[in-house]
Amino acid sequence: MAIIALAYNVPFNYIIGLPFIALISLVTLIIFSGLYYLSRYKRKAKSTITVFITIGNLLFATNFIYNSGTYGPTDLLMGLCVFLVICVVPQKQQKFWIGVNLAIIMVMHLIEYYRPLWIPNNYNSRESRYLDLTSAYIVVVIVIYYTITYLRRNYDHEKRSAADKANAIVIQNGHITRQNQELERINSEKNKLMSIIAHDLRSPLSNIQNYLELVTEYELETTERLMVEGDLLKVTRRTIDMLGKLLIWSKAQMDGVNVKLGYVNLRDALFNTIELEKSIALKKGITLVPELDWDMRIVADSDMLQLVTRNLISNAIKFTPPNGKISFKAKQIGGECWLIIRDNGVGISAEKQADLFSLQAQSTFGTDNEKGVGLGLLLCKEFTELQGGRIWVESSVDEGTAFFVSMPAGS
């Protein structure tokens, strides 16, 4: 708006008989246009504002002298300069520039009062003075109007923008909440995986350790040593096989639990798992008897099925006393295949059965003081249901426990 006002004043001052003021206005117009270019397109707003106000004050001081002092419109234009300072100058600089403006006005007024001959009346006629004053007033009003309108428009825009951002933050917070929930779910899955690995490796590694202690601490006959070494090699191979499958499966689960259903042959999926658990049970003096048709097929995720079966048999071993018996059966009932792990152990009370498959289930010590991780049955339930199956328990205290896993039967 200052540039437009100057562009108007150049021909106007020349027409009313103030050619020198018109020349000053033209030079200032060129300078202000350059400053506008630097501010708008070269992003040098801070320095250009300082130059703009400095030149503006010099222009008005010169205008005061050559445009009839208080007899002309300079005081009105200096007031406009203060308004522009308040609008464009950073708040911490406003007092300084307003002080400069007031100082110029006071000095110019004092000069005119004590040295009136230094400030001549340059109007050619009474008519030209009134035209100049009227024009200056109109220019001041227009500049103020458009400046305030521009600021008001920006204010309204920022207000709407702030409201939109507030709404976006609400939406984003909802997204962040969902994202955090997803991250918590993934972290929970990862924690479960670590628990699974620790749970599934503890028993066979302990078994290996016992074999090694037996070999190193006792003088065994050749036949006994060969038998122990053979058992150790068998357990080690099966443990490595189980560990490999666990690591492959856990790696595939790091981005969440992925179920890969297919037709599974029980022999391919569970034979090595059962053999490994038999050797662990035997170490405790427990007999694990598989009573099933190994060629039976079901619809399942082979790795998940192994994990569920391993956890259930491991629990049965944990809560069955020495010389006890565990049976593992599979039978087809309608379109389902029931896997049944039954023991003659300590059993489970009705109160504990209510929370058996939840996070409220507490880990308890087994008959040989074995310590579990408290997640086994919860994981069995989750993974069984992810495969489209179901799991339940039948138990009485001191009479043993039977876990049932129902899976869709294969064709």
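# Exercises on a predicted model

In α4, Asp75, Met78, Cys81, Val82, Val85 and Ile86 meet Gln94, Trp97, Ile98, Asn101, Ile104, Ile105 and His109 of α5. The structure is a predicted model. Its protein chain holds eleven helices and seven strands, and buried residues make up 40% of its 411 residues.

## Exercise 1: The start and course of α8

Task: Which side-chain atom reaches the backbone nitrogen of Arg267 at the start of α8, and which residues of α8 are buried?

Solution. 

Step 1. Helix α8 runs over residues 266-283. With 18 residues, α8 reaches 25 Å between its first and last C-alpha, close to the 26 Å expected at 1.5 Å a residue.

Step 2. Look at the start. A side-chain oxygen of Asn265 comes to within 2.9 Å of the backbone nitrogen of Arg267.

Step 3. List the buried residues: Leu266, Ala269, Leu270, Thr273, Ile274, Glu275, Leu276, Glu277, Ser279, Ile280 and Ala281.

Step 4. Take Thr273 in α8 as an example. The cut-off for buried is under 20% relative accessible area; Thr273 has 7% relative accessibility, so Thr273 counts as buried. Leaving out residues up to four places away in sequence, Thr273 touches Gln306 and Arg310.

Step 5. Look past the end of the helix. Gly285 follows α8 and has a positive phi, near 80°.

## Exercise 2: Helix α9

Task: Is α9 mostly covered or uncovered, and which residue caps its N-terminal end?

Solution. 

Step 1. Helix α9 takes in residues 302-318, 17 residues in number. From first C-alpha to last, α9 reaches 24 Å, close to the 24 Å expected at 1.5 Å a residue.

Step 2. Of the 17 residues of α9, 15 are buried, and the helix is mostly covered.

Step 3. The cap is Asp301: one of its side-chain oxygens lies 3.0 Å from the backbone nitrogen of Asp303.

Step 4. Examine Asn311, a residue of α9. Its relative accessibility is 4%, so Asn311 counts as buried. Its side chain reaches the backbone oxygen of Leu307 at 2.9 Å.

Step 5. Examine Ile317, also found in α9. Its relative accessibility is 6%, and Ile317 therefore counts as buried. Ile317 and Ala281 are 36 residues apart in sequence, while their C-alpha atoms are 6.0 Å apart in space. Ala281 is one of the buried residues of α8.

## Exercise 3: A buried loop residue

Task: Which residues does Gln387 touch, not counting residues up to four places away in sequence?

Solution. 

Step 1. Gln387 is placed in the loop between α11 (376-386) and β6. At 2% relative accessibility, Gln387 counts as buried.

Step 2. Gln387 touches Val259, Leu261, Val299, Ala300, Asp301, Met304, Leu305, Met407 and Pro408. Asp301 is also the cap of α9.

Step 3. Gln387 and Val299 are 88 residues apart in sequence and 8.0 Å apart in space, C-alpha to C-alpha.

Step 4. A polar atom in the side chain of Gln387 lies 3.0 Å from the backbone oxygen of Phe383.

## Exercise 4: Positive phi in loops

Task: Where is Asn323 placed, and is this residue buried or exposed?

Solution. 

Step 1. Most residues other than glycine have a negative phi. Asn323 is not a glycine, yet its phi is positive, about 70°.

Step 2. Asn323 sits in the loop between α9 and β4 (325-333). With a relative accessible area of 73%, Asn323 is exposed.

Step 3. Asp398 also has a positive phi, near 70°. Its place is in the loop between β6 (390-396) and β7 (400-408). Asp398 is exposed, with a relative accessible area of 65%.

Definitions and conventions. Residues are numbered from 1 along each chain as its sequence is written. Side-chain values use heavy atoms; hydrogens and water are left out. Contact means heavy atoms within 4.5 Å. Helices (H or I, at least four residues) and strands (E, at least two) are DSSP runs, numbered from the N terminus. The expected span of a helix is 1.5 Å times one less than its number of residues. Buried means under 20% relative accessible area, exposed over 50%, partly exposed in between (1.4 Å probe, protein chains only). A polar contact is a pair of N or O atoms within 3.5 Å; within protein, one must be able to donate a hydrogen and the other to accept it, and residues adjacent in sequence count only if both atoms are side-chain atoms.
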